[in-house]
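Subject: Structure handover

Hello,

Here is the structure for you to take over. My notes on what was found in it follow below.

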Amino acid sequence: MSVAAQTSTKSLPPFSIWGVHASVAGRPVVWGKLVMRVLQDQQIQGTIQFRGTPIPIEGSWNESTQQIMFHSPYAAYSSQLTIYDDVKIQLRHLVLTGRLRMLPSSLQAGEYGTWVATTDISLAGYSGYIPPQPPSTSLPPVGVFVTSNILYGNSRI
């Protein structure tokens, strides 16, 4: 793949690993990992893993609306991207928050839920476009800190 093909998005990295937190129909929380590749045509491919087995996903990313939609054989996911830059520690937190719907192949078919996924990028080493972020004293949602435990090996996934 050429370098030009790898820079297919301004705000999502071309390849990333995310910590995921999801709940369905008020049932207990499920933790996992999302591995995602954004292709040149804004299509998404990868895997999502909740219980040790990676499940394939595919979908699409809309750069102009900052929305992502993808599905696995068991669930359909949609979300909005929010970016939090923490200049003091030189990290960009990427947060996907949205809804999910369980598909007929799942035992929970027809149920709805919510999910949040997070990853971060070093601002110092990020060579992609960084849109200006308004100065803010607000902190990212707690999901950024909780799901980061998944990414850095502090969980039992």
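F70, Y77 and W115 form one aromatic cluster. Please keep in mind that this is a predicted model.

Aromatic contacts

Searching the whole structure gives three aromatic pairs. In the pair of F70 and Y77, the ring centres are 4.7 Å apart and the planes stand at 20°, so this pair is stacked. Planes under 30 degrees apart count as stacked. Both F70 and Y77 are buried.

The second contact of Y77 is with W115: here the centres are 5.4 Å apart and the planes are at 80°, so the pair is edge-to-face. The cut-off for edge-to-face is over 60 degrees. Y77 belongs to strand β6 (residues 75-86) and W115 to strand β8 (residues 112-122), so this pair ties together parts 38 residues apart in sequence. W115 is buried, as is Y77.

As one example of the pairing, β6 and strand β7 (residues 91-102) run antiparallel to each other and share twelve bridges. Within that pair of strands, L81 stands opposite L96 in β7.

Nonpolar core

Which residues have the most contacts inside the largest nonpolar core? They are W18, L34 and W115, in a core of 27 residues. The elements giving two or more residues to the core are β1 (15-24), β2 (30-38), β3 (43-49), β4 (55-62), β5 (67-71), β6, β7 and β8. As general background, nonpolar side chains tend to be buried together in soluble globular proteins.

Salt bridge

How many salt bridges does a search of the whole structure find? There is one. R27 forms it with E111, and the closest N and O atoms are 4.0 Å apart. R27 sits in the loop between β1 and β2, and E111 in the loop between β7 and β8, so the pair ties together parts 84 residues apart in sequence. R27 counts as partly exposed, at 38% relative accessibility. E111 is partly exposed too, with a relative accessible area of 28%.

Regards

Notes: Residues are numbered from 1 along each chain as its sequence is written. This is a predicted model: local features need pLDDT of at least 70, side-chain atom pairs count only at pLDDT 80 or more; totals for chains, interfaces and linings use all residues. Side-chain values use heavy atoms; hydrogens and water are left out. Rings of Phe, Tyr and Trp (its six-membered ring) pair if their centres lie within 6.5 Å; planes under 30 degrees apart count as stacked, over 60 as edge-to-face and the rest as tilted. Buried means under 20% relative accessible area, exposed over 50%, partly exposed in between (1.4 Å probe, protein chains only). Helices (H or I, at least four residues) and strands (E, at least two) are DSSP runs, numbered from the N terminus. Two strands pair if DSSP finds at least two bridges between them. A nonpolar core is a set of buried Ala, Val, Leu, Ile, Met, Phe, Trp, Tyr and Cys residues joined through side-chain atoms within 4.5 Å. A salt bridge is a side-chain nitrogen of Lys or Arg within 4 Å of a carboxyl oxygen of Asp or Glu.
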